Amino acid sequence: MSKYFPPGLCAHCLNHFENLTSDHVLPESWYPKGIPVEFEKWQMPSCIDCNKKYSIIEEDLLTRIGLLLDNDKLESKGIRDKVIRSMKPNVGKSTKDKACRERKRKKFLSELFPIKENMLQSVIPGFGIEPNYQLSELQAIPVYQETITKITEKLVKGMTYIFNNAFINDEYLIDFDFFEKETEEYFEKLLSFDSKEYNCGPALYIKRRVAIDDDVSSLYKIILWGRLKLIGWVTRKEDETV
Ligand SMILES: [Zn+2]
């Protein structure tokens with residue numbers, strides 16, 4: 001259910017609005033099947049424009065990654081089926097809906113490309129070649145850094161709003177990196193002190209360590225659908241340049 005937000009700031013653009021919408025921190029369409037109705041889905045205030053912009057980014061990332069998720073695992077149950085369905089014109093409820101699904105299918109197919117040996121280093125960690133497949137049988141789809149940056153920004157802004165009742169302004173920089181084997185030990189060590197784990201259902205795991213002197217500067221371990229692992233951080237821009 002959508003939460004009502006009184007007039008105030010949009011958590012994304014920080015402008016003041018009389019009418020705010022509710023934006024799900026973890027997009028509603030990203031929740032796997034089987035979430036109890038009473039489960040509290042985190043929501044943050046957003047203006048209509050930012051909410052629309054995020055819907056496009058969220059749908060785009062779900063389409064690119066959703067087909068690779070395990071349809072039966074708790075963390076991603078039913079997501080692959082949902083993404084496939086969203087590209088099937090014959091299940092459309094109206095002519096417009098059918099055309100929209102067809103457009104999405106064509107766009108998806110047009111972006112696929114054959115993967116070559118020298119591209120393997122650019123594959124997102126955790127999304128390598130599945131066993132029993134040959135490289136020549138596979139196709140790849142690009143996932144843009146800008147998209148993951150935006151999603152990290154949203155998750156971090158949402159967490160800061162919900163747990164600190166604060167907004168992140170442009171004095172801060174939000175960035176991410178993939179959680180890789182080589183850096184795992186380093187980040188796990190940093191996150192082993194004063195950190196907290198948060199429950200946002202099986203599709204999103206978050207571990208967060210907040211700076212002692214500042215509620216906003218923080219380090220995050222983010223796992224989406226048990227598969228896409230990110231390290232996110234928020235730092236004061238002035239600290240970065242020192
Ligand atoms: Zn906004």
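A nonpolar core, as used in these legends, is a set of buried Ala, Val, Leu, Ile, Met, Phe, Trp, Tyr and Cys residues joined through C-beta atoms within 7 Å. A residue is buried if 20 or more other C-beta atoms lie within 10 Å of its own, exposed if 12 or fewer, and partly exposed in between, with the C-beta atoms placed from the backbone. The structure is a predicted model, in which local features need pLDDT of at least 70 and side-chain atom pairs count only at pLDDT 80 or more, whereas totals for chains, interfaces and linings use all residues. Residues are numbered from 1 along each chain as its sequence is written.

**View A. The largest nonpolar core, with Val 156 and Ala 203.** Of the 36 residues in this core, Val 156 and Ala 203 touch the most other members. Two or more residues come from each of α1 (48–66), α2 (79–85), α4, β7, β9, β10 and β11, these names denoting DSSP runs numbered from the N terminus (helices, H or I, of at least four residues; strands, E, of at least two). The most is given by α4, with six residues. Leaving aside neighbours within four places in sequence, Val 156 is in contact (C-beta atoms, placed from the backbone, within 7 Å) with Ile 168, Ile 174, Tyr 220, Gly 232 and Val 234.

View B. Five strands are arranged in the order β7-β11-β10-β9-β8 with antiparallel pairing, two strands being paired if DSSP finds at least two bridges between them. Because β7 (172–178) and β8 (195–199) stand at the edges with a single partner strand each, one side of each is left without a neighbour in the sheet. From one strand to the next the twist averages 20°. Helix α4 (residues 145–164) packs on the sheet, where it touches β7, β9, β10 (218–224) and β11 (228–236), and its direction makes about 120° with that of β7; axes are lines fitted to C-alpha atoms, for helices over the stretch in contact, and angles run from 0 to 180 degrees between N-to-C directions.

**View C. The pairing of β8 with β9.** Strand β9 (residues 204–210) runs antiparallel to β8 and is joined to it by five bridges. Asn 199 stands opposite Tyr 205 in β9.

**View D. The surroundings of Tyr 220.** Tyr 220, which lies in strand β10, is buried, with 24 other C-beta atoms within 10 Å. Not counting residues up to four places away in sequence, Tyr 220 touches Val 156, Ile 206, Arg 208, Ile 231, Gly 232 and Trp 233.

Definitions and conventions:
Contact = placed C-beta atoms within 7 Å.
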